[in-house]
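Colleague: Hi! Could you walk me through this one while I have it open?

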Number of protein chains: 2
Amino acid sequence: MLENKQNRTELSQLGEFGLIDYISQSIKLRNSSSIKGINDDAAVIDNSGKMTVVSTDMLLENIHFDLSYVPLKHLGYKAVTVNLSDIYAMNATPKQITVSIAISNRFSLEAVEEFYEGVALACEKYGIDVVGGDTSSSVHGFIISVTAIGEANQEDLVYRDGAKETDLICVSGDLGGAYIGLQLLEREKRIFLENPNIQPDLGGNDYVLEKQLKPEAQKEIIQLLKDIGVKPTAMIDVSDGLSSELFHLCKQSNVGCAIYEDKIPIDPQTYNLAQEFNLDPTVCALSGGEDYELLFTINITDFEKVRNAMDISLIGHITDKSEGLNLITASGSQIALKAQGWDAFSK
Amino acid sequence: MLENKQNRTELSQLGEFGLIDYISQSIKLRNSSSIKGINDDAAVIDNSGKMTVVSTDMLLENIHFDLSYVPLKHLGYKAVTVNLSDIYAMNATPKQITVSIAISNRFSLEAVEEFYEGVALACEKYGIDVVGGDTSSSVHGFIISVTAIGEANQEDLVYRDGAKETDLICVSGDLGGAYIGLQLLEREKRIFLENPNIQPDLGGNDYVLEKQLKPEAQKEIIQLLKDIGVKPTAMIDVSDGLSSELFHLCKQSNVGCAIYEDKIPIDPQTYNLAQEFNLDPTVCALSGGEDYELLFTINITDFEKVRNAMDISLIGHITDKSEGLNLITASGSQIALKAQGWDAFSK
């Protein structure tokens, strides 16, 4: 009744980015107040004052989170911070959010309370107002949609398309931790399901667990960059993994890049646990995702300002587009990067 | 693992509005730019220029729509217009939307295309830009979350809390049609499931089907009110039924109301089909929902300007709070109105 079977393109062939590309192509902007539409972390709207910046994300149970090991309070916190992360990635200041949820009768009010406690905690920490939302029942599972709204002076906004050859590539914090935290939680879940009498053994791994369960948005990095007088030439938040974000940034800036394996910041806990799981720590950083760090490029003249900044690592530089995107390994060989990202439809 | 079973409040006891009340109480606004938060159709943000108005809605398959009779193109159209309706209900002009969808592998690209064709059609008709969104896979069904962003001069905004005693109560268009359209679609679905060889018989009922499947937002009513120089004292859109919206408006304005049964606008097609279904047409108008008409109050001195306006019906007046909310029936008796609305969790 609904679909023409003869002319069917599987979404699995397209992948998430293919689908976004398709949708982008079919959209054109009409209003002069719509400064920036899709294809960046957030939209920009000019209502004659400061720029309004908007970003939205949807989170689904058993796709984006597993309630068998994600506490609802953490989930509420994370649902907010992953959206704020997109606003900071525009070099803007988040101010408001809307929070919509759909839940089945499986959940009690206390469960919803726990979720909103996490939302409130994130709002308090980041100085955000909840200005709207929608609640609904669902047939299956817990669904969350958050839209974040921020503001910026026009001259402060940083897009994905401003990286130029010779710019330096920087990343905040460290990478791969959220992915390793997820591996740890998945392992303990398997053990628990096999033998419910064995209690989860998560001790001593607080850092990677917190990166996965309760990620922070990089408010302080944005402040730090202001304090040291550096405006990035391009910026994006690391939600799908370093490799995927480099592809977005280079594609939109029409450039290539070279990054150095031994410069990629990886926390010792991430490194050790990756080895325990027989995973390559560099691959975790490149393709793991969910770190919500900021990846940005700076003009080479800003090198001295950034080189000693806490929590910022210089990991490479922008090249001509013809050179492609490359990883220089610790042993000095050059490998072409692959866009990995999170391909929702191939699973 | 997740919930404290000893202290469990079922959401079914609370209902949707109870849950919203709970959430509202736990939220306080921090930023001076957050002019209006939840408890109205949309949020209002002051970024030093015009006011930014934001509204969001989530739609779930088998809760809000049934794809066995809702064409995807109509669904895309409706997902946009129901959000625009909230912006118009603030007497603001919608300018941008974000559209997030989650879909299972059951859907093809052509299905997504169809959905976005409907989105694009609504955007073209209402002059809206799609400025963002999110796509994701789902385990079950089709999930849509739309956020609409509009603008208004501060002095033009109309809230739910401005109705005063002696104000007249107006409604645009007619009511109950969307609900009757739904009854018709549900009946044909049952017949089809019982005997798939019988083709649906929907002929001659275009009006109520369109009210249900492809509702419009009341852009023209907002323009008309501007043209005739009337600024409503309070306004809300009719998404859950006239009765429910009167409760919201009277509660927030701290007033009562009296509406007249024989003044409630009901289309002849709605009326006749209601009788065919053994439904009271007035009950369909009061509790049916999804009409997306505008319910508003005006100062009594504006009576002459509105009395002959096309598509606006005067249905009653605002009273002192102590008198409560009443329906004066066609036979002259007075009945207390009940808040019905759409109670998502009792189903």
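Modeller: Happy to; we can go from the overall make-up of a chain to some of its details. Keep in mind that this is a predicted model.

Colleague: Nice. Where do the domains of chain A lie?

Modeller: Domain 1 of chain A covers 31-156, and domain 2 covers 168-336. Their centres, taken over C-alpha atoms, are 22 Å apart.

Colleague: How many residues are in contact between those two domains?

Modeller: On the domain 1 side of chain A there are 17 residues, in contact with 18 residues of domain 2.

Colleague: Which element gives the most to the domain 1 side?

Modeller: That's helix 2 of chain A, residues 72-88, with 9 residues. By class, the side of domain 1 of chain A that touches domain 2 has 8 nonpolar, 6 polar and 3 charged residues.

Colleague: Let's switch to helix packing. How do helix 4 and helix 5 of chain A cross?

Modeller: The axes of helix 4 (residues 177-194) and helix 5 (residues 206-213) of chain A come within 7 Å and cross at roughly 100 degrees. An angle of 65 to 115 degrees counts as roughly perpendicular, so helix 4 of chain A is roughly perpendicular to helix 5 of chain A.

Colleague: Which residues meet there?

Modeller: From helix 4 of chain A, they include Gly177(A), Ile180(A), Leu184(A) and Leu185(A). Among those from helix 5 of chain A are Tyr207(A), Val208(A), Lys211(A) and Leu213(A). The residues of this contact between helix 4 and helix 5 of chain A divide into 9 nonpolar, 3 polar and 1 charged.

Colleague: Over to chain B, then. What is the strand order in its 7-strand sheet?

Modeller: The order in chain B is 8-10-7-11-9-12-13, in an open sheet with mixed pairing. Its edge strands are strand 8 (234-237) and strand 13 (334-336) of chain B, each pairing on one side only. From one strand to the next, the twist averages 25 degrees.

Colleague: Strand 8 and strand 10 of chain B: parallel or antiparallel?

Modeller: Strand 8 and strand 10 (residues 294-298) of chain B run antiparallel, joined by 4 bridges.

Colleague: And what stands opposite Asp237(B)?

Modeller: Opposite Asp237(B) is Leu294(B), in strand 10 of chain B.

Terms used
Residues are numbered from 1 along each chain as its sequence is written. Chains are lettered from A and ligands numbered from 1 in the order in which they are written. This is a predicted model: local features need pLDDT of at least 70, side-chain atom pairs count only at pLDDT 80 or more; totals for chains, interfaces and linings use all residues. Two strands pair if DSSP finds at least two bridges between them. Helices (H or I, at least four residues) and strands (E, at least two) are DSSP runs, numbered from the N terminus. Axes are lines fitted to C-alpha atoms, for helices over the stretch in contact, and angles run from 0 to 180 degrees between N-to-C directions. Angles under 35 degrees count as roughly parallel, over 145 as roughly antiparallel, 65 to 115 as roughly perpendicular and the rest as oblique. Two residues are in contact if their C-beta atoms, placed from the backbone, lie within 7 Å. Ala, Val, Leu, Ile, Met, Phe, Trp, Tyr, Cys and Pro count as nonpolar, Asp, Glu, Lys and Arg as charged, and the others, Gly among them, as polar. Domain bounds come from an automatic or database domain assignment.
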